[in-house]
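Here are my notes for someone opening this structure for the very first time. Have a look around, then go through the points in order.

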Amino acid sequence: MQTGISIYPGLDNTPKENLQLIESAAKLGITRIFTSLHIPETNQSALKEEFNAIVQEARSHDMEIISDISPATLELLGMRHFSLSAFQFMGIHTLRIDYGYGASHIAELSRNTQNMRIQINASTVTGKFLTELLQENANFDNIDALHNFYPREGTGLAEATLVRKTAMLHKAGISVGAFVPCQFRRRSPLRCGLPTLEMHRDFPLSLAARHLAAIGMDSIFIGDSLPSPEELETLAAIEDNCVTMRAELSLREPVQEELLANVFTARLDEARDAVRAQESRALLKAIGRDILPQNQKMRPYGAVTLDNKDYGRYMGELQIIKHPQPADARVNVAAFIPEEEQFLINYIIPGKKFSFHLGK
């Protein structure tokens, strides 16, 4: 999983805040920076100076600069014609071609020998466009994709659209990224968040990012101007291709907590009534302790259960309940997935990794 921040020179943040954001992100292992060189509200006189400082700071931390460009960018930068060398000289590693360029031009750019990567718009891509890139002999090894973000409320993508477009790109061997909003400082002028998915607009960053990871995105970027330190840490901790849910412990018990802290795999022989962990019994055996009977209550949807020692060889069986079940003296209710996160259970398909953020 690659993670990234977004920085907009000449807009909202002070130069000092931008440089501090880069340094904080780099310390957490965040490696990508998205920026745009054609935002209408940008202070154009400040853009070039601030951009140069951002590039220097990013270079000192070996971070990738991805720049969104359009034909308007050339006018903004005073460039007479499109030049990969000029963009590379500016310190840009990846050019995101937003609009105004056809398949033949993008294919030509992808065949460059200057180690410049080309990024296409994942939200507007079509099967026809990918076919045209193939026919134009595009170098798909040098292409990735990034979904749009949507500043205006009500304009973000539906999940089904993101999944469909992403699957099409993955089939072509192209990695795909998307944006989540932050709540700390939202980018002007609308300050309504910069999500890819409309459902994420008012989500906590953690939940939005974990949702994109569950879907199978390859990169996740914070779209807004200035995330809080906690939001940055949340993004950096996202697990690749894993469904991670908050789980509220029913009681504090060391053996159960140690077991629940692991990453699990959903069994391939999917049960009707529950997600079953493939490794939990073996992990308990490695811990070398018994699970004693405790909190043997009714098991509602979203309950996380552990079989106790009275279930014999099933001791340590971990389940996430999908259909409510009555209390069983052999089964401990160890935790509950909060209602607002229960939708993530649907992404735990057979063979999928899953884990918990434990709290009380």
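1. A definition to begin with: rings of Phe, Tyr and Trp (its six-membered ring) pair if their centres lie within 6.5 Å, and planes under 30 degrees apart count as stacked, over 60 as edge-to-face and the rest as tilted. By that rule the structure holds 13 aromatic pairs. One aromatic cluster is made of Tyr8, Phe34, Phe149, Phe179 and Phe221.

2. Some ground rules. The model is predicted, so local features need pLDDT of at least 70 and side-chain atom pairs count only at pLDDT 80 or more, while totals for chains, interfaces and linings use all residues. Residues are numbered from 1 along each chain as its sequence is written, and side-chain values use heavy atoms, with hydrogens and water left out.

3. The charged end of arginine 187 sits over the ring of tyrosine 8, 4.7 Å from its centre; "over" here asks for NZ of Lys or CZ of Arg within 6 Å of the ring centre and within 35 degrees of the ring normal. Arginine 330 has its charged end over the ring of tyrosine 311, 4.0 Å from the centre.

4. Now the strands. Helices (H or I, at least four residues) and strands (E, at least two) are DSSP runs, numbered from the N terminus, and two strands pair if DSSP finds at least two bridges between them. Strand β5 (residues 117–121) is mostly covered, with four of its five residues buried, that is, under 20% relative accessible area with a 1.4 Å probe, protein chains only.

5. Which strands run parallel to β5? Strand β4 (residues 94–97) does, through three bridges, with threonine 94 opposite arginine 117. From β4 the chain passes through helix α5 (residues 103–110) to β5 in a right-handed β-α-β crossover; right-handed means that, with the strands pointing away from the viewer, the path from the first strand over the helix to the second runs clockwise. Strand β6 (residues 143–146) is also parallel to β5, joined by four bridges, and asparagine 121 has leucine 146 as its bridge partner. The crossover from β5 through helix α6 (residues 127–135) to β6 is right-handed too.

6. Then look at the open sheet of seven strands, ordered β10-β15-β9-β14-β12-β13-β11 with mixed pairing. β10 (264–265) and β11 (274–276) stand at the edges with a single partner strand each, so one side of each is left without a neighbour in the sheet.

7. Within that sheet, β9 (residues 242–249) and β15 (residues 353–359) pair in the parallel sense over seven bridges. Arginine 246 is bridged to histidine 357 in β15.

Note on methods:
Buried means under 20% relative accessible area, exposed over 50%, partly exposed in between (1.4 Å probe, protein chains only).
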